[in-house]
There are 2 protein chains.
Amino acid sequence: MENGDAAGISAATNPMVTPLLTDLYQFTMAYAYWKAGKHLERAVFDLYFRKNPFGGEYTVFAGLEECIRLIANFKFTGEEISFLRSVMPTSEDGFFDYLRSIDCSDVEVYAIPEGSVVFPKVPLMIVEGPVAVVQLLETPFVNLVNYASLVTTNASRHRFVAGKSKTLLEFGLRRAQGPDGGMSASKYCYIGGFDATSNAAAGRLFGIPLRGTHSHAFVSSFMSPDQIVVKGLRSHDGSSTCDDFVALVRNWLSKLQRTESFQGIFGETNQSELAAFISYASAFPNNFLALVDTYDVMRSGVPNFCAVALALNDLGYKASGIRLDSGDLAYLSIEARKFFCVIEKAFGVAGFGTMAITASNDLNEETLDALNKQGHEVDAFGIGTYLVTCYTQAALGCVFKLVEINNQPRIKLSEDVTKVSIPCKKRCYRLYGREGYPLVDIMARENESPPKVGERTLCRHPFIESKRAYVVPQHVEELLKCYWPGNSSKTREELPSLNKIRARCMQQLEQMRPDHMRRLNPTPYKVSVSARLYDFIHYLWLNEAPVGELQ
Amino acid sequence: MENGDAAGISAATNPMVTPLLTDLYQFTMAYAYWKAGKHLERAVFDLYFRKNPFGGEYTVFAGLEECIRLIANFKFTGEEISFLRSVMPTSEDGFFDYLRSIDCSDVEVYAIPEGSVVFPKVPLMIVEGPVAVVQLLETPFVNLVNYASLVTTNASRHRFVAGKSKTLLEFGLRRAQGPDGGMSASKYCYIGGFDATSNAAAGRLFGIPLRGTHSHAFVSSFMSPDQIVVKGLRSHDGSSTCDDFVALVRNWLSKLQRTESFQGIFGETNQSELAAFISYASAFPNNFLALVDTYDVMRSGVPNFCAVALALNDLGYKASGIRLDSGDLAYLSIEARKFFCVIEKAFGVAGFGTMAITASNDLNEETLDALNKQGHEVDAFGIGTYLVTCYTQAALGCVFKLVEINNQPRIKLSEDVTKVSIPCKKRCYRLYGREGYPLVDIMARENESPPKVGERTLCRHPFIESKRAYVVPQHVEELLKCYWPGNSSKTREELPSLNKIRARCMQQLEQMRPDHMRRLNPTPYKVSVSARLYDFIHYLWLNEAPVGELQ
């Protein structure tokens, strides 16, 4: 197998992702395998999770590209080897020579495409190769998939509640769990359906659209419009210059103050804020979006914004809108919308009423849902902390389990039946029904013939005998593809672009039967095994369980 | 001010931490400041949090070193400037020349030492400098402090429950929020009181002690001791070689089976497991620690372990212990301990009864507490998911607020009084009482004279008039020190080593009055302002609030 360079696969996005980013016990095990002469035995591991997050019934798989980047460039440096030697001082030299020689040219990786909707127990990735090498991959693979899939799923759930027509902005960098908690959040929230991020580094690295305006500090850093030095503003078409934009704004403000519909709503507005808005508009006359809640939204922020927006309008510019970052977002957005509509009508400014309203301030799935129920006039949501830290469930819990070694199937038993692993190298299929919805995922042994369109396929619960049904699929999709063929002759799937992964995610979410996706009491999607795999699981189980114990 | 190289401060640990790792709006604001000729105005920002995490009444401050590393090496690359130009196409060339020229040589950073116990509202860091530059620092500083402080605090809480005598191991890499979620967790859990990590990369980068043995997969990858090829094992003192270590182990196993106290506890043990233990012991005869729950702890894992440990003992080696990763940890640890004690007595193996027992499996503060209440025989805890993702509260919520610009104090009002910022550049003190405990933190205006030992100091709640008290301190500690003097003549505090930060954290936690630290209903620690600052806050508040509104 070609290595990373030859395959044209660049290194992991985060330079900290190296072969050393793994648990020490992967090295102590590797040494024990090596000492026992077992290190080259061919092992198959499944990477999967046991339970969908956030009380939902689906998960979006993400993180694959970073895993492939790691293995495509997997090689220990001399310095890393020296370090390992220092922490394993009693291990023999030959082992470190072996470690130095390791790459992933004899590892095979099969995976469900990134951005797919996935379910518990079905392997997201199947990794096959020399047992010592594949064990080293366990920790980084699980690390790279766990949070990626969790936050992508979280983003997709926010998109689901917000609805397709809303703009969703990821504002999480400052509250993320560390620098690449922030970077990963930006990438995976985009895959999960967000439209843009505030994170400039993520914009550069991944090409994600960027959004951002100004903060409360910007507003409070100004004192009064009197201090504004540069007062002129060129008109949009460049044909003229307004010599005193400040005066133009003040003129509009007093017109608004005299407008009958606004009587009693506002009087004297905050002058720091007015100065900040004028300055921001002068810098970005084509893209004037103001944060209006530093002092008081309806008595200061919105009137100040409108005065500046109307002055811009006089010069041929169209303001972008406002952002609300505190208070009762439903109420304030409705009041702001009314204000805009009055202006559109009173002053004949076409489109002023549909000015964009962005809301932020500790939003999450629940608050979005509550806003929907109350009714609101928000066009775009900026979401941070709850989204990127996955506050309601901060970890997914992926595992990486040995299912076969030297062609011998392996099963991990547990008193907790949900923790029993499904043995054997498998092939997995998604069966689709008449209406185009996926009906069930089925896992089968590698050498079984795939389910056929139009033919009855027995789908069994892996552990509960009575749960089984025949399904007649209208379409059969093999779930895992080969992303790293190792020494096999298989073709390597190309890694799709970020936008393609995002599009796949959108299409996959779209395609699910709605009752699996709803927030309240969603219907579990069925995951099954073939009749042959079922029998085999239970044969192994019986033979592995301690003698004399009824399980 | 010298730059990073001259100051001998290396770049941020994570190479992704660059000046571009910030929110886009910091750049759009910088442009608006620049356009308004305000970008060099000297601003002071406070970085603080509003509420202690995890339902507790204290927080440990961490992340400072990474912030200082960022600013010591703060410089945009040509490529970053080009990128910014592409996302801000209407901005003038002069602005990008300005950005290119920016470093942090005229920024001053004051901070509480890393590893200190800290409280809400008191600035952890005070950052002073040109407003445009300091704004750029907002996002990365908050990012670097938020998770660092949160996870350090979480680690310290786990240490508190576990007690000083237990060994605490951080096993979180695979479940952390991304690669440096894992790296940061390892670093900050160590600061917060953990003894070691499983994360090999963190061991190398930070010099944290490493720990690790083997996994369930290692156990299930073996079939039977019959397949073990290399059977010989040299004795500890090198004087002899046991030709058939497997036979020696089997011999011990049958002795154990015949031991009267073990009748009815176990019969035939699992042969995969036995083979795995023998192989692991052959690789690490000086450090044999076995995971004993792959099949059945008391009927297979513990007897298999003991047979191998006793065989090692015959050759002069002392086994390290067992790890339990499932089931009823309290019960199993007690049963395993009994088993060890029987062996110590029956076969006269000194120290066998005090064999170390490590427990893992989704541990957290609550489960540690429950184990303590039930009674257990665990010596070391391996903690992952809940610790590193801060599952019970995944974000701290630090903020960065403008408190002064051009020597003008600024206040950010809010309908929610906990969100009102405390204006002015401040000096902060911790006042200690007769018994050596900290009594109260007090913030004062910069030019006020510090509280004096033995003199009455009026400490006021910043917002509630009736909450005030005189305190006579026995010791006064100024909280913030200068870590980056900029152009001032102050001396720069050296960044302490990781072990010094950890020692400070231990000492600080130790020093607190116990009722602030307890898990259930801890007493809030008082944070106050001086009488002068109190008056000033309320003067500003009144003058900034919208006219005619009673607040």
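Author: Let us begin with one helix. This is a predicted model. In H3(B), the buried residues are Leu64(B), Glu65(B), Glu66(B), Cys67(B), Ile68(B), Arg69(B), Leu70(B), Ile71(B) and Ala72(B).

Reader: How many of the residues of helix H3 of chain B are buried?

Author: First the general idea. An α-helix has 3.6 residues a turn, so residues three or four places apart point the same way. Now the case here. Helix H3 of chain B runs over residues 64-72, and nine of its nine residues are buried. That is why the helix is described as mostly covered: each residue falls under 20% relative accessible area.

Reader: Which residues is Asn143(B) in contact with?

Author: Look across to chain A. Setting aside neighbours within four places in sequence, Asn143(B) contacts Leu173(A), Arg174(A), Ala176(A), Gly178(A) and Pro179(A).

Reader: Thr153(B) is in helix H6 too. Is Thr153(B) buried or exposed?

Author: Buried, with a relative accessible area of 0%. Leaving out residues up to four places away in sequence, Thr153(B) touches Pro53(B), Phe54(B), Tyr58(B), Thr59(B) and Val60(B).

Reader: How many Å separate Thr153(B) and His214(B)?

Author: From C-alpha to C-alpha, Thr153(B) and His214(B) are 29 Å apart. Along the sequence, 61 residues separate them.

Reader: What does Thr457(A) touch?

Author: Not counting residues up to four places away in sequence, Thr457(A) touches Leu431(A), Ile442(A), Pro451(A), Ala469(A), Tyr470(A), Val471(A) and Pro473(A). Take Tyr470(A). It is 13 residues from Thr457(A) along the chain, and their C-alpha atoms are separated by 5.3 Å.

Reader: Next, backbone angles. What is the phi of Phe54(A)?

Author: Start with the rule. Most residues other than glycine have a negative phi. Phe54(A) has a positive phi, near 60 degrees, and is not a glycine. Phe54(A) sits in the loop between strand E1 (42-48) and strand E2 (59-60) of chain A. Phe54(A) is buried, at 12% relative accessible area.

Reader: And where is Asn521(B) found?

Author: Asn521(B) is in the loop between helix H17 (514-517) and strand E22 (526-529) of chain B. Its phi is positive, about 45 degrees, although Asn521(B) is not a glycine. Asn521(B) is exposed, with a relative accessible area of 63%.

Reader: Now step back. How many helices and strands does chain A have?

Author: Chain A has 18 helices and 22 strands. Its C-alpha trace spans about 90 × 55 × 40 Å along its principal axes. Of the 551 residues of chain A, 64% count as buried.

Reader: How many positive and negative side chains are in chain A?

Author: There are 57 positive and 60 negative side chains in chain A. The centres of the two sets lie 4 Å apart.

Reader: Last, the record. Which residues of chain A does UniProt give to the "Nicotinate phosphoribosyltransferase N-terminal" domain?

Author: The unreviewed UniProt entry places that domain at residues 20-146 of chain A. This span is 44% helix and 17% strand, and its end C-alpha atoms lie 18 Å apart. UniProt also places "Nicotinate phosphoribosyltransferase C-terminal" at residues 425-536 of chain A, again from an unreviewed entry. That span is 21% helix and 31% strand, with its end C-alpha atoms 12 Å apart.

Note on methods
Residues are numbered from 1 along each chain as its sequence is written. Chains are lettered from A and ligands numbered from 1 in the order in which they are written. This is a predicted model: local features need pLDDT of at least 70, side-chain atom pairs count only at pLDDT 80 or more; totals for chains, interfaces and linings use all residues. Side-chain values use heavy atoms; hydrogens and water are left out. Helices (H or I, at least four residues) and strands (E, at least two) are DSSP runs, numbered from the N terminus. Buried means under 20% relative accessible area, exposed over 50%, partly exposed in between (1.4 Å probe, protein chains only). Lys and Arg count as positive and Asp and Glu as negative; His and the chain ends are not counted. The place of a charge is taken as NZ of Lys, CZ of Arg, CG of Asp or CD of Glu. UniProt positions are given in the numbering used here, feature names are shortened, and annotations may be inferred rather than shown by experiment. Contact means heavy atoms within 4.5 Å.
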